[in-house]
Amino acid sequence: MARNTEQKRLGKDTLEWIESHPELIGHLERLREVSEDPHSDLETLEAAERAVMEEIDRLGGEALKGWMRRREAEASEQMARREGVRKHSKKNSG
C-alpha cells in the first residue's frame, strides 16, 4: 500500500513538473505518438527507433536549456547579493 501511495505522489509531482514546463509537452506528445499512434507512417523498428532518439535528443536539449537558465539566474542572484553587500559597506566621506 505504501508503495502505491508513493507511486501516486511521484506521478502527481511529475505531472505538475511537466505542466510547469510547457516547452517539454510537445516532445512528450510526439514520443507518445511514436509508441501508440496506429496511423503512424513509421513502418520499421529502425524508423521508430530513429524517431524516438531524435525526439529524446530534442527533449534533452530543452531540459538542458532549462538547467542553464536556472544556473544563470542563480549566478545573477548571487552576484546581485554580493554587489548589494558591497554597496551597503561603503562609507560616505562627504
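Entry 1, Asp 37. I looked up Asp 37 and found it in the loop between helix H2 (22-36) and helix H3 (45-89). Helices here are DSSP runs of H or I with at least four residues, strands are runs of E with at least two, and both are numbered from the N terminus. Asp 37 counts as partly exposed because its relative accessibility is 32%. I use buried for under 20% relative accessible area, exposed for over 50% and partly exposed for in between (1.4 Å probe, protein chains only).

The model is predicted: local features need pLDDT of at least 70, side-chain atom pairs count only at pLDDT 80 or more, and totals for chains, interfaces and linings use all residues. Residues are numbered from 1 along each chain as its sequence is written, and side-chain values use heavy atoms, with hydrogens and water left out.

Asp 37 belongs to a negative surface patch together with Glu 29, Glu 33, Asp 41 and Glu 43. A patch takes residues with over 30% relative accessible area and no salt bridge, joining like charges within 9 Å and nonpolar side chains (Val, Leu, Ile, Met, Phe, Trp, Tyr) within 5 Å. Asp and Glu count as negative, Lys and Arg as positive; His and the chain ends are not counted. The charge is placed at NZ of Lys, CZ of Arg, CG of Asp or CD of Glu. I also noted a nonpolar surface patch of Leu 64, Trp 67 and Met 68, with about 330 Å² of accessible area together. Areas come from the Shrake-Rupley method with a 1.4 Å probe; for residues, only the protein chains shown count as cover. Leu 64 lies in helix H3 and is exposed, at 54% relative accessibility.

I found His 27 in helix H2, buried at a relative accessible area of 8%. Leaving aside neighbours within four places in sequence, His 27 is in contact (heavy atoms within 4.5 Å) with Glu 55, Arg 58, Leu 59 and Glu 62.

The term needs a side-chain nitrogen of Lys or Arg within 4 Å of a carboxyl oxygen of Asp or Glu. Glu 55 is buried at 4% relative accessibility, whereas Arg 58 is partly exposed at 42%. Salt bridges with shared partners join Arg 30, Glu 55 and Arg 58 into one network. The structure holds six salt bridges.
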